[in-house]
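I opened this entry to keep a record of what I looked up, beginning with the interface and ending with a single residue.

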Amino acid sequence: MWPKKSQFDIELARQRCLRYRRRILDISQQVSALHAAGAFSAVEIVDCVYAGLMRGKPGLESPDTFLMSKGHGCMIQYVVLENIGVLEKRDLDLYCKATGRLGCHPDYGNPGIEASTGSLGHGMALATGMAFTEQQVFKKDGLVYVVISDGELQEGSTWEAMMMAANLGVTNLVALLDHNGYQSFGKTSETHPAFYPIREKVEAFGWEVAEVNGHDSQAIYSAVAGRCGTKPFMLIGNTIKGRGVSYMENQPIWHYRSPSPAEYQQAIAELAEVTG
Amino acid sequence: MRNAFADVIFELGQEDSRICALVADISPAGSMVKFREQFPERFVNTGVAEQAMIGIAAGMALKGMRPFCYTIATFSLYRPFEMIRVDLCYQNLPVTVIGMGAGVVYSTLGGTHHSMEDVAVASAIPNMTVLAPCDPEEMRLMTQWCATESIGPVYMRLGKAGEPDLTADAIQPFQVGKLRYIKRGTEVAVISYGTTVKMAKEVALRLEALGKSVSVLSCHTIKPVDRPGVEEVLATHSRVVIIEEHVPHGGLGSRVREIAWESRSECSLDCFSLRDEFIHCYGSHDELLMAHGMSVDSVIDRLADQ
């Protein structure tokens with residue numbers, strides 16, 4: 001059975017996720033370069049990994065590894081790392097500024113960032129190599145969590161790596177798919193219908209798969225924590241792009257855009273009513 | 001070279017548990033089988049999936065390993081180019097990418113299997129070191145350096161098999177980053193790397209027969225090139241000849257021209273390379289080189305004309 005933290009308080013998770021969305025909206029008023037919607041769909045997934053699943057302080061002090069393969073969603077990773085004291089408030093204040101060190105995509109070498117991502121289709125192979133090394137070279141119990149987007153599941157390199165993960169028998173690899181159903185150009189089911197079904201494809205590549213509501217922290221936690229499997233594992237989290245802000249939800253324009261001051265006020269007001 | 005590389009990796013693997021070998025369905029030579037049998041947890045065959053080979057190697061390097069990725073040059077460098085750029089070079093990881101059979105060595109396999117511009121492509125990426133040994137001994141020393149001293153990514157360009165020993169009588173030892181005199185003369189210097197150092201030595205013999213005093217140098221480290229070393233060669237010879245199995249642009253010839261211009265050299269400079277063309281020709285390696293206008297005779301003829 002996989003190692004895990006003792007407990008995961010769902011009410012606390014809900015409160016944290018609300019704060020994370022607010023923090024991202026605050027930062028959106030400082031700079032225009034922000035993938036808010038793609039970060040909002042992954043809030044509960046990323047929070048659950050850091051707060052519920054990973055052991056120890058992320059980075060060198062944790063036996064476990066976290067990769068944000070959907071690098072454009074890293075705003076949620078940054079605010080989580082800020083909350084747990086790995087990144088400083090100053091880092092977030094200087095996001096995308098010439099005097100800061102954080103940009104729109106995670107950079108290896110920054111605190112808590114364990115690989116450079118942002119170009120889609122890289123994280124699965126990196127995570128496979130890391131999981132293989134932890135488990136079969138070092139003979140340790142470190143788990144590797146990688147959050148991928150549905151868009152990058154269209155990259156051939158992701159499937160190459162998934163085949164190899166199954167071939168290598170890495171059972172310490174957990175891929176969390178932020179399946180928000182949208183990519184830059186529009187709704188995935190319309191622009192890329194043959195992409196579906198996902199679950200059967202992944203299972204056919206030698207993986208175990210579970211599917212949950214990706215905004216249900218309890219469901220995410222229960223599907224992964226203490227699991228005991230014989231294959232690499234993918235959790236498909238069905239999510240809503242822009243989750244929590246009505247005008248952002250499922251609207252492709254918000255893949256990249258930052259809210260105006262009025263839109264910001266509306267978003268903050270709406271978030272106060274979200275139950276998560 | 002191929003068998004010798006497998007021997008070296010096996011020896012290094014015995015000494016250092018961080019050494020691992022990743023291949024992409026390349027048929028393993030003798031010692032590669034030994035490596036796989038003795039260190040199964042450090043041998044990964046990704047099959048015909050070169051992007052996975054580089055990405056997995058990067059993941060292993062991020063955990064502290066020192067991987068070597070090995071397949072035919074065109075598939076080890078071009079196919080997974082963006083993985084090499086982002087995963088290896090951007091993150092500056094100690095992964096060595098071996099490009100086997102570089103140039104037009106796979107002379108009967110056609111343009112799909114030729115890597116005529118690999119030095120230019122690999123050299124263009126920040127953090128990348130580009131090496132090309134001319135014989136098994138240079139390859140052995142170079143591989144040891146990659147395994148133990150290199151702090152970032154390396155592209156190592158290899159020939160195929162059967163290369164003669166070209167440096168046993170070299171007057172200077174091998175050192176990464178240093179231009180190496182194999183022999184030293186006073187008038188003409190012939191600089192080459194990898195597969196064409198043999199041709200450079202033959203050209204030198206012919207020039208000597210014509211009464212010239214000739215230096216022969218192995219420029220095994222193409223990036224970063226030994227700039228002071230090149231300046232010294234330009235300053236101490238009246239004529240410098242570059243021979244490389246690579247397209248005319250982005251390789252050693254281009255680099256030496258830049259240095260010659262920037263150092264206001266008055267030395268005359270002749271560059272011999274592959275043509276900037278895909279040639280649909282099949283035959284021996286020498287015949288392919290000849291189709292590109294590269295042979296000892298054609299070099300001597302052109303030098304005599306000028």
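I took contact to mean heavy atoms within 4.5 Å. On that rule I found that the contact takes 26 residues from chain A and 24 residues from chain B. I note that this is a predicted model, in which local features need pLDDT of at least 70 and side-chain atom pairs count only at pLDDT 80 or more, while totals for chains, interfaces and linings use all residues. Residues are numbered from 1 along each chain as its sequence is written, chains are lettered from A in the order in which they are written, and side-chain values use heavy atoms, with hydrogens and water left out.

I next looked up the buried area (the accessible area, with a 1.4 Å probe, that two parts lose on being put together, summed over both). Between chain A and chain B it is about 2000 Å², and carbon and sulfur atoms give 66% of it. In chain A, the residues that lose the most area to chain B are A:His122, A:Glu160 and A:Met164, together 26% of what that side buries.

For salt bridges (a side-chain nitrogen of Lys or Arg within 4 Å of a carboxyl oxygen of Asp or Glu), I found one across the interface of chain A and chain B. It joins B:Lys63 to A:Glu134, with the closest N and O atoms 3.0 Å apart.

Last, I turned to B:Asp270, which is buried (under 20% relative accessible area, 1.4 Å probe, protein chains only), since its relative accessible area is 6%.

Terms used:
Buried < 20%, exposed > 50% of the residue type's maximum accessible area, 1.4 Å probe, protein only.
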